[in-house]
Amino acid sequence: MFKILNAQFIAPGIKRFVLEAPRIARKQRPGQFVIIRVNETGERIPLTIEKSDPEKGTVNLVVQSIGKTTHLLNSLETGDSILDIVGPLGKPSEIEKFGTAVVIGGGVGTAMAYPTAAALKQAGNRVITIIGGRNKDLVILEPEMREVSDTVFVTTDDGSYSDKGLVTDKLRQLIENGTRIDLVLAVGPIPMMRAVAEMTRQERIKTIVSLNPIMIDGTGMCGGCRVVVEGRSEFACVDGPEFDAHRVDFAVLVQRNAMYREAEKRSMEEYKREVEGQKAAASAEAETVCALEGRK
Amino acid sequence: MTTPPTPKTPPKKSSNPLPNKERMKIPRQNMLEQLPQVRNKEFTEVNLGYSTELARQEALRCIECAKPACVDACPVGVKVSDFVRLIVDGDYLGAAAKIREDNVLPAITGRVCPQEDHCEHGCLLNKKGQSLGIGYLERFVADYERKHFDVKNIVKAPPTGKKVAIVGSGPSGLTAAGDLVTKGHQVHVFEALHEIGGVLVYGIPEFRLPKAIIREQVDYMRAMGVEFETDVVVGRTVTIDELMEEEGYDAVFIGTGAGLPQFMGIPGEHLNGVYSANEFLTRINLMHAYEFPKFDEPMVDFRGKNVAVIGGGNTALDAIRSALRLGAGKAFILYRRSETEMPARIEEVKHAKEEGIEFQVLAAPLEFLDDGKGWLRAARCQKMELGEPDSSGRRRPVPIAGSEYEIPLAVAIMAIGTTANPIIRMTTPGLETTKRGYIQADETTQKTSRRGVFAGGDIVTGGATVILAMGAGRRAAKGIHEFLVSGEW
């Protein structure tokens, strides 16, 4: 059991958990992730580590409600527990002095990009960060990113905050302005990472993406997270999660991530029904209590 | 320093009143089994075990050889003749205690050990007809013990003050842990997954080895004083060096199992519907995907579909029999050699056939074909014939030119073996490994190239059986004990 020391929504549907996990806190390096299982009947899913505090023995996770498991997770509060957390998994990011690094975080992917941005800055790189969100509310970790970046650009799809457009629009601008870029790190939705890869491929800029395939054990045992890298199968959990963006077959990743769409939908519907049932029962109970007290 | 040899006493005779001639007239007793038509829809256990009467009848068949070859043939050295004698005498708990002297997981080996390759192969009766049902008897005794277990029966040496870390809670790790705790050492087992048991939990299906039994055997080990910690990937969560230098472990045993599933490297292996046997079985066994949506881990819909498992080992049979239980319309094994070369246990092949599994032998897939939407539609296969024996001693499959054919397929499960997991190798400096990435360990002491570090099981040998891994665990425990006592490497 891993205790939730603090749980707070940082954006609509996006929650930050501070968890007591001393072993993981001690070992976590930028680029690594954890696998969690909420309860006895839960599935195992990989999640992003935002940062950790080895002294306090805590790990921060940033979770966006998408399917049943993430909704269930985001219903947990300070003081609750998560049954299993294992990690840190995957190879840490390669950190060295590249020169100028552009770190791109799309949506909740910003949380995964953050520790690598911080490490790149500390290694002496000039860090230009581009954060993107669908709208103002979904732009996360801007202040944190500002602390570890030389420059931060923010884009929103609807223009409700900062620049209207996509993160790739900003990247294109940088390239067109003749900004010297030695490394691009992109973490976010697959279409975003794919678009970044296409853009930098032409410019021959070294580009790293952090992939998020379906996983079970996270230790290389099941092979479910295999991704096609330059025609060869690699396991995201032990060979990744970071890969050379120009070698990744994104189409296969999209296709494999859709493998359980039907089941995921069904899980979500049943979960909603369950939650509504619980709410209805709770309000019925409250009404009964009120009625009884009124009678007194 | 070594432990003094136990004084040799002449083997005791049982109270069996029958002369050998009469004993040999008794036919081998079969276990009760669920009916094939019932069980192929259920995940409940296929074998139902012996009744007390059947067990006694079977035990009476033992001719009590002066030099019991069954004992020598056992990888962990279970004193078969002694425990069978105790069954004849009606002392079932005594029989269980006798097995436990050499084997801490009797209810597990009684179910999954290939006895026909070991003790029953050595049995003298085997040469004159059918061997003694040693595996069935072991299972009977272990199940009797499960119902009548008493913590008071646990005997342990006084504490030595030495700490041992066991990495991996599969058969080799559990065996080493059991032997070491009995010797008085403090034993802490680290497991990467959320349940204890390793391959016993994620690999072997409920219908062959119920999870409740593993839990009970693990609880027994807890009662013996073994500590367990789940959710720790040694190499990532903590390294071997940290365990020894910072957490005060005097010795470490690495029993992390074989690891990464192999694929064939043929086109279409990334299609949806193509699984590794490890993933498929983990979803079923560890994650209970067959109970979706009560459990959250999903599985593709198998109902009415064509499912093939590629491979001919026990894992292949576990996978295809599981597929059938998920409702597959047609479930078959695709194996490139003939049935004679299949590494799977005879009993499992028999069970699979009874349940309706088809065997397409001397055939292998060349390519998996897409339905246009990223899902598997069919496999293009090739027929084989047998050539000269290869390095494994089995006749090599040779493709027959022009024999390609296509079979419609919704799910394909690759059960063609595993390769070494790199995590420990990458994070433990000075640990020598073979070209193929397996850890190099001494064959008698299981010592590695690193002082205080031992290894055994599949991470040393490559994919093998539960009992061979247990044998390595025993040897390692002996090696570790000697190292801890003498301090000599």
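In this predicted model, the axes of helix α3 (residues 52-59) of chain B and helix α5 (residues 80-88) of chain B come within 9 Å and cross at roughly 125°. Because angles under 35 degrees count as roughly parallel, over 145 as roughly antiparallel, 65 to 115 as roughly perpendicular and the rest as oblique, α3(B) is oblique to α5(B). The crossing is left-handed, a term for a near helix turned anticlockwise from the far one by less than a right angle. Axes are lines fitted to C-alpha atoms, for helices over the stretch in contact, and angles run from 0 to 180 degrees between N-to-C directions. Ala55(B), Arg56(B) and Ala59(B) of α3(B) are in contact with Val84(B), Ile87(B) and Val88(B) of α5(B), where contact means heavy atoms within 4.5 Å.

In chain A, strand β14 (residues 226-229) runs antiparallel to strand β15 (residues 232-235), and four bridges join the two; strands pair if DSSP finds at least two bridges between them. Val227(A) lies opposite Glu234(A) of β15(A). Two residues separate the strands of this hairpin, in which Glu230(A) has a positive phi near 50°.

In a regular strand, side chains alternate between the two faces of the sheet. In β14(A), Arg226(A) and Val228(A) point one way, Val227(A) and Val229(A) the other, and all are buried (under 20% relative accessible area, 1.4 Å probe, protein chains only).

The model scores ipTM 0.93 and pTM 0.93. Chain B averages a pLDDT (the predictor's confidence in each residue, from 0 to 100) of 93, and 98% of its residues score at least 70.

Residues are numbered from 1 along each chain as its sequence is written, and chains are lettered from A in the order in which they are written. Local features need pLDDT of at least 70, and side-chain atom pairs count only at pLDDT 80 or more, whereas totals for chains, interfaces and linings use all residues; side-chain values use heavy atoms, without hydrogens and water.

Notes:
Buried means under 20% relative accessible area, exposed over 50%, partly exposed in between (1.4 Å probe, protein chains only).
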